[in-house]
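Here is a walk through one protein model, from its core to its ring pairs. Keep the structure open while reading.

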Amino acid sequence: MNKPENLTHSIAERAKFREMKEGTQEDWALIGSEYMAFAKDLPDRVLDHLKLLDGDFGGFPVCRLEHSLQTATRAHRDGRDEQYVVMALLHDIGDTLGTYNHPEVGASIIKPFVTEEIHWICQNHGAFQGYYYFHHLGMDRNVRDNFRDNPHYQACAEFCEKYDQAAFDPDYESESLEFFEPMVRRVMAKPLASMYAKALEE
């Protein structure tokens, strides 16, 4: 199998170790420079993956990409800040690879770039969204009450009520993905917290 051109390197451009414990400072300087370039392209990879939701209806009135755009558009038009809007855009990005735990996938992607509250909303929105339909599937619609004592409970309930559960209207005029692209790039420009933050310091 041919590797993509941007992933093909000569032996001289690769670390020399066979086990990490053999690595030298020179090896890790090389890997670090590659990491920096790779990290800067994160918004492109996230946006490309979001596009996989286009045309995927799963029985819903709108496709998953339109639902994401509509959720973000509603949050944006309601005056939410960019972290919140980007969370709204990406909250269901895990549908493709995290079919049984999609909220956690989206939350993991945004975690380094957003506040604890916004991360918590994304990570737990599935349980809160269930209030609107779990009872139709023989499930407990009040499972969100397990989080009653969490300080972010009301914020998550509000996200689902005002933006997420309301974002299935085929007649709603959402902003385009291109409209949100600069926001994604700004929010993901530099992590607020990450175990790799030191490596990003210039």
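Helices here are DSSP runs of H or I, at least four residues long, numbered from the N terminus. The model is predicted. On that numbering, R141 sits in the loop between α6 and α7. R141 is partly exposed, at 28% relative accessible area. Leaving aside neighbours within four places in sequence, R141 contacts G130, Y131, F134 and H135. A polar atom of the R141 side chain lies 2.9 Å from the backbone oxygen of Y131. Y131 also has R144 over the face of its ring, 3.9 Å from the ring centre. H67 is another matter: its C-alpha atom and that of R141 are separated by 21 Å.

Now turn to the core. The largest nonpolar core has 40 residues. Among those with the most contacts inside it are M87, F128 and F159. Helices α2, α3, α4, α5, α6, α7 and α8 each supply at least two residues of this core. M87 touches I110, I118, I121, C122 and F159, not counting residues up to four places away in sequence.

Helix α7 spans residues 153–164. Its buried residues are Y153, A155, C156, A157, F159, C160, Y163 and D164. They pack against α3, α4 and α6.

Two of these buried residues are cysteines, C156 and C160. A disulfide would need the sulfurs within 2.5 Å. C156 is buried, at 0% relative accessibility. The structure holds zero disulfides. C63 is in none either; the nearest cysteine sulfur, that of C122, is 18 Å away. C63 is buried too, at 9% relative accessible area.

Aromatic rings come next. There are twelve aromatic pairs. F17 and W28 are stacked, 5.7 Å centre to centre, with 20 degrees between the planes. F17 lies in the segment before α1 and W28 in helix α1, so the pair ties together parts eleven residues apart in sequence. F17 is partly exposed at 22% relative accessibility, and W28 is partly exposed at 38%.

W120 and F147 form an edge-to-face pair, 5.5 Å centre to centre, with 85 degrees between the planes. W120 lies in helix α6 and F147 in the loop between α6 and α7, so this pair ties together parts 27 residues apart in sequence. W120 is buried at 11% relative accessibility, whereas F147 is partly exposed at 25%. Ring pairs link W120, F128, F147 and Y153 into a cluster.

Conventions: Residues are numbered from 1 along each chain as its sequence is written. This is a predicted model: local features need pLDDT of at least 70, side-chain atom pairs count only at pLDDT 80 or more; totals for chains, interfaces and linings use all residues. Side-chain values use heavy atoms; hydrogens and water are left out. Buried means under 20% relative accessible area, exposed over 50%, partly exposed in between (1.4 Å probe, protein chains only). Contact means heavy atoms within 4.5 Å. A polar contact is a pair of N or O atoms within 3.5 Å; within protein, one must be able to donate a hydrogen and the other to accept it, and residues adjacent in sequence count only if both atoms are side-chain atoms. A nonpolar core is a set of buried Ala, Val, Leu, Ile, Met, Phe, Trp, Tyr and Cys residues joined through side-chain atoms within 4.5 Å. Rings of Phe, Tyr and Trp (its six-membered ring) pair if their centres lie within 6.5 Å; planes under 30 degrees apart count as stacked, over 60 as edge-to-face and the rest as tilted. A charge sits over a ring if NZ of Lys or CZ of Arg is within 6 Å of the ring centre and within 35 degrees of the ring normal.
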